[in-house]
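I opened the file to look up the folds of the chains, the core and the contact between the chains. My entries follow.

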Amino acid sequence: MNMQFPSKLLLSLTAALALSLGGCATNSSSPEVSSGPVKYGDAKAVETVTNEFGSTDLQTIAETMARSLLQSRPVVQARKTPLVTIAEVKNKTSEYIDTRAITDTIRTQLLKSGAVRFAVDTHAMQNQTDELIRQNQTGLYKKSTAKKIGQMEGADFRVEGNITSIVKRTSDIKDVYYKFSLMLVNNESGVIEWADEKEIRKTSTR
Amino acid sequence: MKIPVQSFFRLFGAVGLLFALGLPVAPVHADSMASKLEQLGEMTNLKVTDLRVANRNGLLNIQAEITNISSSSERLFYRFKWLDSTGFSVWDEEPWKPVVIYGQQKHLITVVAPTPQATDFRLVLQSPNNNNSNSSPSSQTWPDRY
């Protein structure tokens, strides 16, 4: 009696099962692997899921501020591209808002426009000094290629501001008002050269 | 609406010349106004009634007047596309911006191009109360909770 037959059968059955399971996970007509109600959406869509600070607020604030700053006198009338640094945007609202996310987007848009250059801000300073120290003090780098200490450029202007909110609610309405204000300060003279505000109102009813 | 290629280029040449001279271009003619608008479904109650373009400090300035012809408030979502002279996009997708326009109100949308490379634009409009469009750039899926 041949004892090998059942084991061969078992092997082919396992292979068939594996193939059919693989077929379940992927749909051959679409480059998507999905098993549930997860969908990709429009990252730029107007988000009104709840009343709290959201992606649309972040995007519109950053866009308005970057466009306004592009038209400010220190940027338009500059003889050479101004060097700017980001100081802090204080969150004075009652909720948690990552203000760095807003200033990062503003910085990205301004850099992409090419009208402004940015100097390393206080948050990135540690990385900058670490790198300079590594190149100059470890003795591992060629003298000719090591970037020299004492050559960093000081920013002409700094950007700072704050975000505040007023929240009012009754039993059936919640109204949130945000005010984001930003200013450009001349680092040498301390003069505020430009300022702008963006207001947002969101009302939700129960 | 189809615009003959030649007249399209002639129009563009004229606009470009005015830009080069630094002269304000206002207002945009009715037929070219339509070519600058992208409506996601025909808007029943909101109409673009004026569109002005000017070049200030090397950046394109645009003002669009949206009129609500109904007596009730209407919501509008809009954003701009920024193109260079060859028709290529020179900027990322903008976020959709929500506006409320009261009954009979004429609302002004004023924007500045994000980069000097932008020499042309498209204004994309969507009103949730359109007669033949249900898709909307709003991500609301359930009522607000608080």
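Before anything else I settled what counts as a helix: a DSSP run of H or I with at least four residues, numbered from the N terminus. I also note that this is a predicted model.

**Entry: the end of H4 in chain A**

I then checked the length of the helix. H4(A) has 15 residues and reaches 22 Å from the first C-alpha to the last, close to the 21 Å expected at 1.5 Å a residue.

Where do the buried residues of H4(A) lie, seen down its axis? They fall within an arc of 165 degrees, so they line one face of the helix. I listed them as A:Ile102, A:Thr103, A:Ile106, A:Arg107, A:Gln109, A:Leu110 and A:Ser113. Their cover includes H2, strand S1 (83-91) and strand S2 (117-118) of chain A.

**Entry: H2 of chain A and the core**

I went on to the largest nonpolar core, which has 46 residues. The residues with the most contacts inside this core are A:Ala62, A:Met65, A:Ala66 and A:Leu69. Helix H2 (residues 55-70) of chain A gives the most to the core, with 7 residues.

How many of the 16 residues of H2(A) are buried? I found 12, so to be buried a residue needs 20 or more other C-beta atoms within 10 Å of its own. Among the buried ones are A:Thr56, A:Asp57, A:Gln59, A:Glu63 and A:Thr64, and I also noted A:Ile61 and A:Leu70 there.

I looked up what H2(A) packs against. In chain A, its buried residues meet helix H3 (73-76), helix H4 (99-113), strand S4 (173-186) and strand S5 (192-205). In chain B, they meet strand S3 (59-68) and strand S6 (106-112).

Leaving aside its neighbours within four places in sequence, A:Leu69 is in contact with A:Val75, A:Leu110, A:Leu184 and A:Trp194.

I also compared the length of H2(A) with expectation. At 1.5 Å a residue its 16 residues should span 22 Å, and the end C-alpha atoms are 23 Å apart, which agrees.

**Entry: chain A as a whole**

I counted 5 helices and 5 strands in chain A. From the N terminus on, the elements run α-α-α-β-α-β-α-β-β-β. Of the 206 residues in chain A, 21% are buried. Among its contacts with a separation of 6 or more, 64% are between residues 24 or more positions apart.

In what order do the strands of the open sheet in chain A run? I read S2-S1-S3-S4-S5, with mixed pairing. The edge strands are S2 and S5 of chain A, each of which pairs on one side only. Inside this sheet I followed strand S3 (residues 157-169) of chain A, which pairs with S4(A) in the antiparallel sense over 13 bridges. One bridge joins A:Asn162 to A:Ser181 in S4(A).

**Entry: chain B**

I counted 2 helices and 7 strands in chain B. Along the sequence they give the pattern α-α-β-β-β-β-β-β-β. Buried residues are 21% of the 146 in this chain. Among contacts between residues at least 6 apart in sequence, 70% join residues at least 24 apart.

I looked at one hairpin, made by S2(B) and S3(B) with 2 residues between them. In its turn, B:Asn57 has a positive phi of about 55 degrees. Strand S2 (residues 46-56) of chain B runs antiparallel to S3(B), and 10 bridges join them. I noted B:Val48, whose bridge partner in S3(B) is B:Ile66.

Next I checked B:Met33, which sits in helix H2 (residues 30-36) of chain B. B:Met33 is partly exposed, with 17 other C-beta atoms within 10 Å. Its C-alpha atom is separated by 6.7 Å from that of B:Leu51, 18 residues apart along the chain.

**Entry: where the chains meet**

How many residues of chain B are in contact with chain A? I found 20, in contact with 24 residues of chain A. By class, the chain B side has 9 nonpolar, 6 polar and 5 charged residues.

How values were computed. Residues are numbered from 1 along each chain as its sequence is written. Chains are lettered from A and ligands numbered from 1 in the order in which they are written. This is a predicted model: local features need pLDDT of at least 70, side-chain atom pairs count only at pLDDT 80 or more; totals for chains, interfaces and linings use all residues. A nonpolar core is a set of buried Ala, Val, Leu, Ile, Met, Phe, Trp, Tyr and Cys residues joined through C-beta atoms within 7 Å. Two residues are in contact if their C-beta atoms, placed from the backbone, lie within 7 Å. The expected span of a helix is 1.5 Å times one less than its number of residues. Ala, Val, Leu, Ile, Met, Phe, Trp, Tyr, Cys and Pro count as nonpolar, Asp, Glu, Lys and Arg as charged, and the others, Gly among them, as polar. The arc is that of the directions from the helix axis to the C-beta atoms. Two strands pair if DSSP finds at least two bridges between them.
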